[in-house]
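Please look over the sequence and the 3D structure below before reading on.

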Amino acid sequence: MGGTEHLNIQREGATLVLTLNRPEAKNALSLPMLVGLYDGWLEADADDSIRSVVFTGAGDSFCAGMDLKALAGKGTGGEQYRDRLTADPDLHWKAMLRHHRPRKPVIAAVEGYCVAGGTEMLQGTDIRVAGESATFGLFEVRRGLFPIGGSTVRLQRQIPRTHALEMLLTGRPYTAREAADIGLIGHVVPDGTALTKALEIAELINACGPLAVEAVKASVYETAETTETEGLAAELKRGWPIFDTADAKEGARAFAEKRSPDYKRA
């Protein structure tokens with residue numbers, strides 16, 4: 001299990017927990033953080049005993065966006081990771097889920113600031129939980145910048161366009177309740193309990209057939225921009241093989257025997 005000085009990786013049963021760990025800088029993105037984060041996504045993809053991922057931040061913030069000085073490797077120990085970025089110039093976009101979609105469900109647990117790059121990474125997650133004092137927003141236009149982490153493309157596909165444009169064009173902060181009202185997040189919980197709620201959701205996912213879970217997630221994203229006819233055809237291609245798996249047979253047996261299924265991956 002990897003990780004870096006700015007990214008903690010730990011296991012909670014079948015869940016991999018990735019924690020942005022630079023609380024003194026509100027978890028602003030650094031090169032060590034991005035390298036550790038990308039390695040975490042790869043670990044989750046490669047290890048079949050991992051069935052879900054929870055993505056969170058240490059301290060009182062999720063992520064306040066990019067730290068350009070840190071990304072340059074100045075003053076944060078980032079120089080030791082420079083070869084990773086040189087070898088893969090796309091690494092930072094993969095780490096931020098712009099150019100990489102993990103196979104396993106990703107649940108975001110947000111406390112405090114989740115702004116700029118934080119809100120952009122959030123759009124790459126599947127299920128989102130936030131403490132009631134959390135703050136969201138894409139502040140780039142207020143600084144004369146462009147939210148190039150994917151928000152001008154993804155946000156309008158995840159929430160109504162009028163709300164997406166207001167968030168993008170005003171650069172104003174949004175409360176957790178506002179974010180939930182427009183559909184950016186799914187759960188608002190008491191402060192300090194977002195991680196607990198995210199882990200509870202992860203446990204529900206972990207109790208399901210892992211092959212079915214991965215296929216369902218893949219189908220949802222694969223068909224998001226297709227016509228209905230194309231999408232239904234793709235769904236059958238993804239879905240039919242699941243019925244022939246050991247997971248499906250175990251689920252049927254467990255139902256008939258009125259017990260919880262015990263899914264074991266081959």
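Val216 counts as exposed because its relative accessibility is 53%, where exposed means over 50% relative accessible area, buried means under 20%, and partly exposed lies in between (1.4 Å probe, protein chains only). This is a predicted model, in which local features need pLDDT of at least 70 and side-chain atom pairs count only at pLDDT 80 or more, while totals for chains, interfaces and linings use all residues. Residues are numbered from 1 along each chain as its sequence is written, and side-chain values use heavy atoms, with hydrogens and water left out.

**Surface patch**

- Val216 is found in helix H10, which covers residues 210-222; helices (H or I, at least four residues) and strands (E, at least two) are DSSP runs, numbered from the N terminus.
- Together with Val220 and Tyr221, Val216 makes a nonpolar surface patch of about 260 Å².
- Such patches are made of residues with over 30% relative accessible area and no salt bridge, with like charges joined within 9 Å and nonpolar side chains (Val, Leu, Ile, Met, Phe, Trp, Tyr) joined within 5 Å; the accessible areas come from the Shrake-Rupley method with a 1.4 Å probe, and for residues only the protein chains shown count as cover.

**Nonpolar cores**

- The largest nonpolar core has 48 residues, and those with the most contacts inside it are Leu37, Phe55, Val110, Phe136, Leu184 and Ile185; a nonpolar core is a set of buried Ala, Val, Leu, Ile, Met, Phe, Trp, Tyr and Cys residues joined through side-chain atoms within 4.5 Å.
- Helix H1 (residues 31-46) gives the most to this core, contributing eight residues.
- A second, separate core has twelve residues, including Val54, Ala109, Val129 and Val213.
- If neighbours within four places in sequence are left aside, Val110 is in contact with Phe62, Leu122, Val129, Ala130, Gly131, Ala134, Phe136 and Ala194, where contact means heavy atoms within 4.5 Å.

**Strands and sheets**

- Strand E3 (residues 52-57) is mostly covered, since six of its six residues are buried.
- Both faces of E3 are covered, with Ser52, Val54 and Thr56 buried on one side and Val53, Phe55 and Gly57 buried on the other.
- Strand E2 (residues 15-20) runs parallel to E3 and is joined to it by six bridges, and the bridge partner of Thr15 in E3 is Ser52; two strands pair if DSSP finds at least two bridges between them.
- An open sheet of three strands, with mixed pairing, has the order E5-E7-E8.
- Strand E5 (113-115) and strand E8 (174-175) stand at the edges with a single partner strand each, so one side of each is left without a neighbour in the sheet.
- E5 pairs with strand E7 (residues 135-137) in the parallel sense over three bridges, and Tyr113 stands opposite Thr135 in E7.

**Loop residues with positive phi**

- Lys26, in the loop between E2 and H1, has a phi near 55°, a positive value in a residue other than glycine, and Lys26 counts as partly exposed because its relative accessibility is 34%.
- Leu97, in the loop between helix H4 (91-95) and strand E4 (106-110), has a phi near 70°, a positive value in a residue other than glycine, and Leu97 counts as buried because its relative accessibility is 1%.

**Salt bridges**

- The structure holds 14 salt bridges, a salt bridge being a side-chain nitrogen of Lys or Arg within 4 Å of a carboxyl oxygen of Asp or Glu.
- Arg22 forms a salt bridge with Asp67, with the closest N and O atoms 3.0 Å apart; the pair links distant parts of the chain, 45 residues apart, with Arg22 in the loop between E2 and H1 and Asp67 in the loop between E3 and helix H2 (68-71).
- Arg22 counts as buried at 8% relative accessibility, and Asp67 counts as buried at 19%.
- Asp39 forms a salt bridge with Arg84, with the closest N and O atoms 2.8 Å apart; Asp39 lies in helix H1 and Arg84 in helix H3 (residues 82-87), so the pair ties together parts that are 45 residues apart in sequence.
- The side chains of Arg103 and Asp48 meet in a salt bridge (3.3 Å, N to O); Arg103 lies in the loop between H4 and E4 and Asp48 in the loop between H1 and E3, so this pair ties together parts that are 55 residues apart in sequence.
- Glu250, Arg253, Glu257 and Arg259 are linked in a network of salt bridges.
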